[in-house]
Amino acid sequence: MTTPQNPEQALTERERGQFGPMQTDFNATFGNELDYPRLGNVTFRRGTLTDNQQALFDEHWPRLGRELANERIDIDEWFGRTGAKTILEIGSGTGTSTAAMAPLEADTNVIAVELYKPGLAKLLGAVVRGGIGNIRMVRGDGMEVLMRMVEPESLDGIRVFFPDPWPKARHHKRRIIQSGPLNLFASRLKKGGVLHVATDHAGYAEWIDELVNVEPQLEYKDWPWPECPQLTDRQVITKFEGKGLDADHVIKEYLWEKK
Ligand SMILES: C[S@@+](CC[C@H](N)C(=O)[O-])C[C@H]1O[C@@H](n2cnc3c(N)ncnc32)[C@H](O)[C@@H]1O
């Protein structure tokens, strides 16, 4: 997974119009000086669906998915049940882990957030074919989704599995694990909620190692954390992780608990 997908495709003016305004100035909004990812063109990832995927999307997305919007999600209403735990995953990719984990945590609502439409279409297919009842999807930047669509202190967990490593030094500021996102994650977690991050990129692991104690609302629990109150076994070797393993990379996992 050391090579990020090529996210830097050109935006059309219309796409800029759709996605451009949804970029929060977090420092100004929160009045802090934390580091937030510079997403640039990452906020829009082009992708074409096959005819079958498009048909599936047209039929099931209105019920199981939604686009980034300036509107809080009514989680109970969307999942059709009350009181279940809710975990949000940022960057679910093609949803391999998401679809494998969800049936093992059927009592938990899982919200998969991803920019890449074909990835969401693949997960949607797995959800529909597998009759998986506890996954919903949002298409958009995970930071904006948390900011605009998720109530503070409402999540039991946040997952970030194999985030784009942005290996070049001049791109490090695009990495999603930084002091600002950790602060936003903490704000959306309930007390006792869990943040779970995994990477197979040695440089990114060193970067995260420097940040494990930077957010005062998060207590770093390291890995493994046997008493962790939620599923931490990702179940599958993802495509990206598989690539990492092939290249003899070491997977590093991180767990924090919201204080
Ligand atoms: C390297 S892939 C890993 C995918 C998956 N978690 C896995 O392990 O196979 C990183 C994914 O994060 C998505 N991504 C990157 N930045 C994001 C953001 N700000 N919000 C939502 N998704 C994002 C990318 O589109 C990509 O699919």
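Student: Which residues does UniProt list for "binding site"?

Tutor: The model is a predicted one. For "binding site", the unreviewed UniProt entry lists Glu89, Glu114, Asp141 and Asp164. These residues are spread over 76 residues of sequence, yet they cluster in space, the largest C-alpha distance being 14.1 Å.

Student: What is the setting of these residues in the chain as a whole?

Tutor: The chain has ten helices and eight strands. Of its 259 residues, 39% count as buried. Among contacts between residues at least 6 apart in sequence, 83% join residues at least 24 apart.

Student: Is Glu89 buried or exposed?

Tutor: Burial is judged by counting neighbours: a residue is buried if 20 or more other C-beta atoms lie within 10 Å of its own. Glu89 has 25 other C-beta atoms within 10 Å and is therefore buried. Its place is in strand β2, residues 85-90. Leaving aside residues up to four places away in sequence, Glu89 touches Thr98, Val110, Ala112, Val113 and Arg159.

Student: Where does Asp141 lie, and why does Asp141 count as buried?

Tutor: Asp141 is located in the loop between β4 (135-139) and α7 (142-149). The same cut-off of 20 or more C-beta atoms within 10 Å applies. Asp141 counts as buried because there are 26 C-beta neighbours inside 10 Å.

Student: Which residues of α7 and α8 meet?

Tutor: From α7 come Met143, Leu146 and Met147, which meet Pro181, Leu184 and Arg188 in α8. By class, this contact of α7 with α8 has five nonpolar residues, no polar residues and one charged residue.

Student: Why is strand β6 described as largely enclosed?

Tutor: For a strand, one may count how many of its residues are buried. In β6 (residues 189-199), eight of the eleven residues are buried, so the strand is largely enclosed by the rest of the structure.

Student: How many bridges join β5 to β6, and which residue of β6 stands opposite Val160?

Tutor: Strand β5 (residues 155-161) runs parallel to β6, and six bridges join the two. Val160 stands opposite Val197 in β6.

Note on methods: Residues are numbered from 1 along each chain as its sequence is written. This is a predicted model: local features need pLDDT of at least 70, side-chain atom pairs count only at pLDDT 80 or more; totals for chains, interfaces and linings use all residues. Helices (H or I, at least four residues) and strands (E, at least two) are DSSP runs, numbered from the N terminus. A residue is buried if 20 or more other C-beta atoms lie within 10 Å of its own, exposed if 12 or fewer, and partly exposed in between; C-beta atoms are placed from the backbone. Two residues are in contact if their C-beta atoms, placed from the backbone, lie within 7 Å. UniProt positions are given in the numbering used here, feature names are shortened, and annotations may be inferred rather than shown by experiment. Ala, Val, Leu, Ile, Met, Phe, Trp, Tyr, Cys and Pro count as nonpolar, Asp, Glu, Lys and Arg as charged, and the others, Gly among them, as polar. Two strands pair if DSSP finds at least two bridges between them.
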